[in-house]
Amino acid sequence: MCGIVGYIGHREAYPIVIKGLQRLEYRGYDSAGIALYDGTDIKLSKTKGKVSDLKERLENEISTNGTLGIGHTRWATHGVPNDVNSHPHYSNSGDLVIIHNGIIENYDALKKELIKRGYTFKSDTDTEVLVNLIEDVKKNENIKLGKAVQIALNQVVGAYAIAVFDKNKPNEIVVAKLGSPLAIGIGDDEFFIASDASPFIEFTKNAIYLEDEQMAIIRRHKEVKVRKIKGDSLVDPYIQELQLNLEQIEKGGYDHFMLKEIYEQPEAILDTFRGRLLSNEAVIKLAGVEDNMKKFLAADRIIVVACGTSWHAGLVAEYIFEDLARIPVEVEYASEFRYRNPVITEKDIVIAISQSGETADTLAAIKLAKSKGAFVFGVCNVVGSSIARETDAGAYTHAGPEIGVASTKAFTTQITVLTLIALRLARAKGTISSSEFRHHLIELETIPNKVKEALESDGYVQTISDIYKDAKNFLYLGRGYNFPVALEGALKLKEISYIHAEGYPAAEMKHGPIALIDEQMPVVVIATKKGHYEKVVSNIQEIKSRKGKIIGIVTKGDVSVRELADHVIEVPETLECLTPLLTTIPLQLLSYHIAVMLNKNVDQPRNLAKSVTVE
């Protein structure tokens, strides 16, 4: 959600900033802008729309010279998406210019006070309030920009990642963070600023990730100086070496990042259990679990907190943990968790799941759980992210960068990690025999190749997509382990094709949704042989008798569903608890191809953001 890019150094800033904004388009946005300093004045251009619109406009209306620049992609919060509300924003004097991710919750009170002091505002944004607050502090206190930023931020309530500079001091950019991610790339007499490392990965492998309530003063010819916003103490920054490479964030010949990431799942799943799953030795190695095994074994229950696709992975985990390890599990929407006064004790373990590791609602849930004494375990994809730092322990998914807004490989790798945890706990508790344990490990090792086999249905899924691309509604049904997959399949279709879709437990169909079924309603039914197969076949017969169009996801070699369904997509056979890793594949492909056929923006669907860093 929103993207920040900045550069100060010896190169021309514009090519770096514009390309960086293009790399951050996956985060979701509705407008974009750039400010450049050419040694004399600030040149600014911004517009509603895409980075491509900004590039065309900017190159026609301003000079692109200058070795200092900041750029932004905005996802509207305060003020509608338009040119005026787009970032960057000037202060009233025109000396300061700022870009900002997040929300200043007390902006209205601050704005009223600034208006009393003679300030005027062109936009409806909280960001313009912030830059003028910084200017007001700087003038009244007669202090440098860095100190003014610090004092101003101590007056605001909310979340932010900001970059601000003063045209009267053009060798310096001041940045700060609370709740929104911010990385600083360290080069040779040059510095890069971004919401993540993707905009500067070809220039440097060294980066500082600011912690919450930290700010940094970035000057040419000097080391980055990091301070705590509260207390003003200096911080010794940790410079880490990035593992990301350029190939991972390019499309690699695919038409869309989403399709690339769907096809990366065999390798991503393999990378997730590589070095952790040793079937020959009947061993699972997860340091975060092993180091805290006593807490896991003593837990009264596990509470999973997550949002969106990660929440669906949590629902799959509920079945796995309760089935294998016999530990009670509750799965909570992180966005609702802290607002309902949940009962949390020191005997609870909270598992927080997030692809980005920056999800604001999930971070808030983590903080609440820790305040109640619960042990918090994180499952995320991004090394060094906020959730990785805030949790007591955790496990990375190793999915690699996921650029498409609609999660695919994040979902399957999250399920993979959660399955490993459940199996390890089941063995430690003795709720699974040694032979069953080894059998699960051997079967899990086959999943990457079975995902490859499931991907072979792509051509047939395209044919089905062409038949149903104009449908107005879809229904997705599954039972047991595959009920969350039905939810996830419906979410994918909604996210990128904008077709209304609902996921239900198959047994619940007759308790209401059956009223929707007619000859115009495509119904996707997950009907693998493992898990209540006969019951699902009965549900399919009920759909057929009402003339619904049936798309069945079945185990290879299935006969019964094939006789009833209009279309059948096969997946390889596996253990019931591992079926979600396979049944989700054709549903991802179905949503992708329908969206492409409808000419939708698959990687950047409207109104959505990859990383939701505000509530």
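Some ground rules. The model is predicted, local features need pLDDT of at least 70, side-chain atom pairs count only at pLDDT 80 or more, and totals for chains, interfaces and linings use all residues. Residues are numbered from 1 along each chain as its sequence is written, and side-chain values use heavy atoms, with hydrogens and water left out.

Confidence, then. The protein chain has a mean pLDDT (the predictor's confidence in each residue, from 0 to 100) of 91, and 97% of its residues reach 70 or more. Among the elements (DSSP runs numbered from the N terminus, helices being H or I of at least four residues and strands E of at least two), helix H18, residues 533–544, has the lowest mean, 84. Helix H20, residues 580–597, has the highest, 98.

Next, Leu36. Is Leu36 buried or exposed? Its relative accessible area is 0%, so Leu36 is buried (under 20%; exposed is over 50%, partly exposed in between, with a 1.4 Å probe and protein chains only). Leaving out residues up to four places away in sequence, Leu36 touches (heavy atoms within 4.5 Å) several residues, including Tyr14, Ile42 and Leu68. Leu36 and Lys167 are 131 residues apart in sequence, and their C-alpha atoms are 9.9 Å apart.

On the H16 side, the contact includes Val461 and Ile464; on the H20 side, Leu589 and Leu590 are among the residues.
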